Amino acid sequence: MRVFVTGATGFAGTHLVNDLLEQGHQVYGLVYRGDSRRYETTSAAYTPIEGDLQDLASLKEAVVAAKPDVIYHLAGWALTAESWRDPARVLAINTGGTANLLEAALAVGRPRVVAVTSAEIYGQVTAADLPITERSIPDPRHPYGLSKWAAGQLVGLYWQRYQLPVLEARPFNHIGPGQEPGFVVPDFASQLAAIALGLREPQMLVGNLDAERDFTDVRDVVRAYQRLASDGRPGGTYIIASGQPVPIHYLLTTLIQIAGIGVEVTYDPERMRPSDVPVLYGSYARLEQDTGWRPEIHLRQSLHDAYYGWHERLRREQESVP
């Protein structure tokens, strides 16, 4: 099968491409012009294609060159808090970029399209609203959430107007090996790995540990994307979640245990962001009903792999220094 992946060099995209290549698919990865990141592989089955989500002409050229049977759209602006710095650009990339991708898909017929948005669209919820389902009412509270909500609205429109078999995946937080800083687990794991390697003092700088959130292993998440590509209903929306709320302090405590080191936990005022939503988690019932997907990788395994991924990365960097 020929597969086109946007965001192929990102956290989830890298895991997705790995899976697809292992299954014997021909994979084409969209590479943003000027982006220094590249998917590292010796596989002849992977082809990078340069293009830009905000440039419809270049995007059409990329999709036409790939002639895909399936498109996975993972690319976009990913940092929630920083979306306030340039709201117009966030909307242009996440919403406008999705519109351009769907237009490009029409140029090659009717490929299956999995458009990835985010559970960040839900905003303020109460205990009575939980768990979040596909019927929950979105209430985005930042430009990132708004951009993803609007991108998701395009899914139904393109299915109704053009019968393009596109569907929306709304993942909650996903974690695991290879995630860059800027998110809670890699922020904790990278600090602990640096302490274990003697690269910093045994002090952890942390923010709000009281919130409870839903975490799924990235490898389970990309498996869900593939199930949706084969079995999801066109025009439909699917939440990808673990179905369980996890306190942030549990993540920290477990990572410290995995690292096997003693640390002093210090609250950093700059990292303290009061949570308007103390608890947030979702239901994967519709996803399971339509595709048979269930999360398989235990949270502790995800944290173990995230920590040792950072430990190995920092160790190699340490050894490369003259």
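**Helices and a sheet**

Guide: Let us start with two helices: the axes of helix H3 (residues 87-106) and helix H4 (residues 143-162) come within 8 Å and cross at roughly 20°. Axes are lines fitted to C-alpha atoms, for helices over the stretch in contact, and angles run from 0 to 180 degrees between N-to-C directions. Helices (H or I, at least four residues) and strands (E, at least two) are DSSP runs, numbered from the N terminus.

Visitor: What makes H3 roughly parallel to H4?

Guide: Angles under 35 degrees count as roughly parallel. The crossing angle is roughly 20°, so H3 is roughly parallel to H4. By the way, this is a predicted model, where local features need pLDDT of at least 70 and side-chain atom pairs count only at pLDDT 80 or more, while totals for chains, interfaces and linings use all residues. Residues are numbered from 1 along each chain as its sequence is written, and side-chain values use heavy atoms, with hydrogens and water left out.

Visitor: Which residues of H3 and H4 meet?

Guide: Contact means heavy atoms within 4.5 Å. Among those meeting are Val 90, Leu 91 and Glu 103 in H3, and Leu 146, Lys 148 and Tyr 158 in H4. By class, this contact of H3 with H4 has 14 nonpolar, four polar and two charged residues. Here Ala, Val, Leu, Ile, Met, Phe, Trp, Tyr, Cys and Pro count as nonpolar, Asp, Glu, Lys and Arg as charged, and the others, Gly among them, as polar.

Visitor: How do you know how H5 lies against H7?

Guide: The axes of helix H5 (residues 184-196) and helix H7 (residues 248-259) come within 10 Å and cross at roughly 30°. That makes H5 roughly parallel to H7. Their contact includes Phe 188 of H5 and Leu 252 of H7, and its residues divide into eleven nonpolar, no polar and no charged.

Visitor: What is the strand order of the open sheet?

Guide: The seven strands run S3-S2-S1-S4-S5-S6-S10, with parallel pairing. Two strands pair if DSSP finds at least two bridges between them.

Visitor: Why are S3 and S10 at the edges?

Guide: Strand S3 (46-51) and strand S10 (237-240) each have a single partner strand, so one side of each is left without a neighbour in the sheet.

Visitor: How do you know that S2 pairs with S3?

Guide: Six bridges join strand S2 (residues 26-32) to S3, and the two run parallel.

Key
Parallel < 35°, antiparallel > 145°, perpendicular 65-115°, else oblique.
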